[in-house]
Amino acid sequence: MDLKTYLATHDIGVRAFARICGVSAATIKRVRDSEVIPSRTTMKKIVNVTDGQVTVHDLMSVIHDETSAQSQQEPDTNSGR
């Protein structure tokens with residue numbers, strides 16, 4: 001489950017969740033909005049606070065999403081034509 005879904009499902013605000021995790025609200029907002037990949041320490045805190053409902057894979061999925069979007073937009077320059 002992504003962080004945005006977790007927060008909405010559990011009716012937890014960004015500031016309250018950040019306080020529980022011991023990180024800034026700005027960090028949680030950026031992670032929630034898939035703007036950044038959190039540090040290892042922050043990932044561990046999020047996974048622990050959510051009892052594993054938000055996984056490291058969920059938090060890292062922003063990399064996969066960006067890579068997929070870029071590959072769909074970039075022309076294939078290796079085709080040899």
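User: Hi! Is Asp 33 buried, partly exposed or exposed?
Analyst: In this predicted model, Asp 33 is partly exposed, because its relative accessible area is 25%, and buried would need under 20%.

User: Thanks. Which side chains does Asp 33 meet in a salt bridge?
Analyst: One partner is Lys 29, with 3.0 Å from N to O. Another is Arg 32, where the N to O distance is 2.8 Å.

User: And how exposed are Lys 29 and Arg 32?
Analyst: Lys 29 has a relative accessible area of 38%, so it counts as partly exposed. Arg 32 is partly exposed too, at 25% relative accessibility.

User: What about Glu 35, which residue does it form a salt bridge with?
Analyst: Glu 35 pairs with Lys 29, and their closest N and O atoms are 4.0 Å apart. Glu 35 itself is partly exposed, with a relative accessible area of 46%.

User: So which residues are linked in the network of salt bridges?
Analyst: The network links Lys 29, Arg 32, Asp 33 and Glu 35.

User: How many salt bridges does a search of the whole structure find?
Analyst: The search finds 3.

User: Let's zoom out. How many helices and strands does the chain have?
Analyst: There are 5 helices and 0 strands. Along the sequence, that reads as α-α-α-α-α.

User: What share of the residues counts as buried?
Analyst: The chain has 81 residues, and 26% of them count as buried.

User: How much of the contact count comes from residues 24 or more positions apart?
Analyst: Taking the contacts with a separation of 6 or more, such residues account for 45%.

User: Now the inside. How many residues are in the largest nonpolar core?
Analyst: The core has 15 residues. Those with the most contacts inside it are Leu 3, Leu 7, Phe 17, Ile 28, Ile 46, Val 54 and Leu 59.

User: Which elements give two or more residues to this core?
Analyst: Helix H1 (3–9), helix H2 (14–21), helix H3 (25–32) and H4 do. H2 gives the most, with 4 residues.

User: Over to Thr 42, where does it lie, and is it buried or exposed?
Analyst: Thr 42 sits in helix H4, which covers residues 40–49. Thr 42 counts as buried because its relative accessible area is 9%, and the cut-off for buried is under 20%.

User: What is Thr 42 in contact with?
Analyst: Setting aside neighbours within four places in sequence, Thr 42 contacts Val 23 and Thr 27.

User: Back to the outside. Which residues form a nonpolar patch on the surface?
Analyst: Ile 37, Val 56 and Met 60 form one, and together they have about 210 Å² of accessible area.

User: Where is Val 56 found?
Analyst: Val 56 belongs to helix H5, which covers residues 56–73. Val 56 is partly exposed, given a relative accessible area of 43%.

User: Last topic, backbone angles. Which phi does Asp 11 have?
Analyst: Asp 11 has a positive phi of about 50°, although it is not a glycine. For context, most residues other than glycine have a negative phi.

User: Where is Asp 11 found, and is it buried or exposed?
Analyst: Asp 11 is in the loop between H1 and H2. At 72% relative accessibility, Asp 11 counts as exposed, since exposed means over 50%.

User: And what about Ser 34, what is its phi and where does it lie?
Analyst: Ser 34 has a positive phi of about 55° and is not a glycine either. Ser 34 lies in the loop between H3 and H4, and with 39% relative accessibility it counts as partly exposed.

Technical notes: Residues numbered from 1 in each chain as written. Predicted model: local features only at pLDDT ≥ 70, side-chain atom pairs only at ≥ 80, totals over all residues. Heavy atoms only, no water. Buried < 20%, exposed > 50% of the residue type's maximum accessible area, 1.4 Å probe, protein only. Contact = heavy atoms within 4.5 Å. Patch = residues over 30% accessible without salt bridge, like charges linked within 9 Å, V, L, I, M, F, W, Y side chains within 5 Å. Areas by Shrake-Rupley, 256 points an atom, 1.4 Å probe, with all protein chains shown as cover. Core = buried A, V, L, I, M, F, W, Y, C linked by side-chain atoms within 4.5 Å.
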